[in-house]
Amino acid sequence: MSQSFQSDKVANGGVSMWCELNQMNFFDEFQMEGVSAENNEIYLELAPENLSRAFKTAQNAKTVKIKLTNKQCPCLTVAMELPSLSTSSRIVTHDIPVGVIPRKLWNDFREPSVPNFDVSIYLPVLKTMKCVVERMKNISSSVVIEANLNGEMELKIETDLVCITTHFRDLGNPPWVSWDDSQNSTHERDPMNMAEARIDIKRLLQFLAGQQVNPTKALCNIASNRIVHFILLHEDVSLQYFIPALA
């Protein structure tokens, strides 16, 4: 399993993202040797925009190879075979500088823990939600997300002059199952009772603006006044996004 973790919690209030990719679904060939047989992993740190820029070239590639190399500094080398009018191959290579994270720091890059949530709900169409939030950001710097176990969600902004609320109905609630019932606290909750959290509206918009493909499932878990946890599932990719509540 390939995993990606991004966090700016120290500098900007605790926002973090966790993505998992099953390498068997993306690569015809896959070889890796970790630090040991017991810890067959490698942790790398890189600038996401560099990787994104490299893969833009790969959109029409016949083959793509990714290797960890050492070229004056550790690099993630992306080699692409592109279509050519001649019989010879046209190879384009990108060397992306990376930092190799020492094993003693691995615990800092584990999957973020999720607190017991009060409500879990399916999200509305993300494009619709994005349009609503884009209009709200011109009025307020924060937004309150409310939801209940009756499939209802509200996005609300409040200022000294106005209070604006957008309502979503019949969204549905995921059937979470936990062997010891400790994973969440929804089983004893009044279905009509709203859970809420106020979050930075720019952080929410960053999450919504970054979704290029509509996921097959999109969930929102709310731990009241603590955190909003989004989960996106699309084919072989899972993405989690954590936004802490504002004080």
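**Exercise 1. Which side chains meet Glu158 or Arg198 in a salt bridge, and what is the N to O distance?**

Solution. 
- Start with the model. It is predicted: local features need pLDDT of at least 70, side-chain atom pairs count only at pLDDT 80 or more, and totals for chains, interfaces and linings use all residues. Residues are numbered from 1 along each chain as its sequence is written, and side-chain values use heavy atoms, with hydrogens and water left out.
- Apply the rule. A salt bridge is a side-chain nitrogen of Lys or Arg within 4 Å of a carboxyl oxygen of Asp or Glu.
- Read the pair. Glu158 and Arg198 meet each other in a salt bridge, at 3.4 Å from N to O.
- Glu158 sits in strand β10 and Arg198 in strand β12 (residues 195-200), so distant parts of the chain, 40 residues apart, are linked. Strands are DSSP runs of E with at least two residues, helices are runs of H or I with at least four, and both are numbered from the N terminus.
- Check the cover. Buried means under 20% relative accessible area, exposed over 50%, and partly exposed in between (1.4 Å probe, protein chains only). Glu158 is partly exposed at 39%. Arg198 is partly exposed too, at 28%.

**Exercise 2. How many salt bridges does the rule give, and which parts does the Glu81 pair tie together?**

Solution. 
- Count. The total is five salt bridges.
- Take Glu81. Its partner is Lys62, with the closest N and O atoms 3.6 Å apart. Glu81 lies in strand β5 (residues 73-82) and Lys62 in the loop between α2 (48-57) and β4 (63-71), so the pair ties together parts 19 residues apart in sequence.
- Compare cover. Glu81 is buried at 18%, whereas Lys62 is exposed at 56%.
- Glu146 forms a salt bridge with Lys156, the closest N and O atoms being 3.3 Å apart. Glu146 is in β9 and Lys156 in β10, so this pair ties together parts 10 residues apart in sequence.
- Check both ends. Glu146 is buried at 7%. Lys156 is buried at 17%.

**Exercise 3. Locate the nonpolar surface patch, and name the element that gives the most to it.**

Solution. 
- Define it. Patch residues have over 30% relative accessible area and no salt bridge; like charges are joined within 9 Å, and nonpolar side chains (Val, Leu, Ile, Met, Phe, Trp, Tyr) within 5 Å.
- List members. Among them are Phe26, Phe27, Phe30, Met32, Val64, Ile66 and Leu68. Together the patch has about 860 Å² of accessible area, computed by the Shrake-Rupley method with a 1.4 Å probe, where only the protein chains shown count as cover for residues.
- Name the element. β4 gives the most, with three residues.
- Inspect one member. Met32 lies in the loop between β2 (16-21) and β3 (44-45). At 34%, Met32 is partly exposed.
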